[in-house]
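Please look over the sequence and the model shown here before reading on.

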Amino acid sequence: MLPNIQVEEGSISEKVIVCGSPNRAKVIGERLDHAEEIAYSREYRIINGYYKGEKITVASHGVGAPGAAVCFEELIKAGAKKIIRVGTAGSYTEALPPGSLIIADSAVRADGLTRQLVPEGVPAVADFKMLLKLEESAKKANVTYGLGTIATVDAFYAGPVKIPHMLYKESGVLGAEMELAALYVIARLRGVSAVGIFALDGYAFADMNDYNPHKDVVNAAIQAEIDIALDTFANL
Ligand code: R1X
């Protein structure tokens, strides 16, 4: 029994969709046939089911890289081989307004967790084959998306030390979230494949005290990325 996610090794699919929120995991689980919640411990809700005959596991990993890393490591020990993160992120550019998507081929390691795993300079990158398949599914879905780098940061509410979002933007980064670098580094370290897609729920430069992701355009983008992730796994 894996200590944090509370599932047995071998009890999940090789194909896993991960998301931050346990509520969203439930919503994704409702899209599966014969869905069964096999564990719900801490922020980690784990659901098995089938989509177009393919066994899929859905797992929530909570907010932030350290807690998410625990989930990713134990999912891999439990049998995950291909992981798609379906997330939300803040945009850096008006070319990608709230309601559009980012497919992340890479992540800036602006988190603390991955520094405790691998040396500086080791990149956080998607699995190339999964990225191509995911983009194929996104094209079919007829959605606005950007393909590129996302910044993974730790601080959601700002303190006096500022996260250099403008520097990242000027460096070509498309937006910011809080877990993808951990997923990409851990996937490469443990020899599995991963890719991430994000619904943009606002601008990363905005005051997070005014953050309100509960808008119709954002919900529609979240539904679209769930469809895209499921379609990707149906075709992999
Ligand atoms: O990755 C970010 C974090 O999990 C995106 O949304 C959450 C914070 O609201």
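The model is predicted. According to the UniProt record, an unreviewed entry, residues 16-225 carry the annotation "domain: Nucleoside phosphorylase". In the model this span is 30% helix and 35% strand, and its end C-alpha atoms lie 14 Å apart.

**Helix packing**

Two packed helices are described by the angle between their axes and the distance between the axes. The table gives these values for two pairs.

| Helix pair | Angle between axes | Axis distance |
|---|---|---|
| α2 (residues 65-78) and α5 (residues 180-190) | about 30° | 9 Å |
| α3 (residues 128-141) and α6 | roughly 125° | within 9 Å |

Angles under 35 degrees count as roughly parallel, and α2 and α5 are therefore roughly parallel to each other. Their crossing is right-handed. On the α2 side the contact is made by A65, A69, F72, E73 and I76, and on the α5 side by A182, L183, I186 and R190.

The angle for α3 and α6 falls in another class, and these helices are therefore oblique to each other. The crossing of α3 and α6 is right-handed. Helix α3 contributes M130, K133, L134, S137, A138, K140 and A141 to the contact, while α6 contributes I228, A229, D231, T232 and F233.

**Helix α6**

Helix α6 has 19 residues, 216-234. From first C-alpha to last, α6 reaches 27 Å, close to the 27 Å expected at 1.5 Å a residue. Which residues of α6 are buried? They are V218, A221, I222, A224, E225, I226, I228, A229, L230, D231, T232 and F233. The α6 residues that touch α3, namely I228, A229, D231, T232 and F233, are also on the buried list.

**Residue A35**

A35 is found in strand β2, which runs over residues 33-41. Is A35 buried, partly exposed or exposed? Its relative accessibility is 43%; buried means under 20% and exposed over 50%, so A35 counts as partly exposed. Leaving aside residues up to four places away in sequence, A35 touches G29, I47, N48 and G49. For one of these, G49, the C-alpha atom is separated from that of A35 by 4.1 Å, with the two residues 14 apart along the chain.

Notes:
Residues numbered from 1 in each chain as written. Predicted model: local features only at pLDDT ≥ 70, side-chain atom pairs only at ≥ 80, totals over all residues. Heavy atoms only, no water. Helix = DSSP H or I, 4+ residues; strand = E, 2+ residues; numbered from the N terminus. Expected span 1.5 Å × (residues − 1). Buried < 20%, exposed > 50% of the residue type's maximum accessible area, 1.4 Å probe, protein only. UniProt positions renumbered as here; feature names shortened; annotations may be inferred. Axes fitted to C-alpha atoms, helices over the stretch in contact; angles between N-to-C directions. Parallel < 35°, antiparallel > 145°, perpendicular 65-115°, else oblique. Left-handed = near helix turned anticlockwise from the far one by under 90°. Contact = heavy atoms within 4.5 Å.
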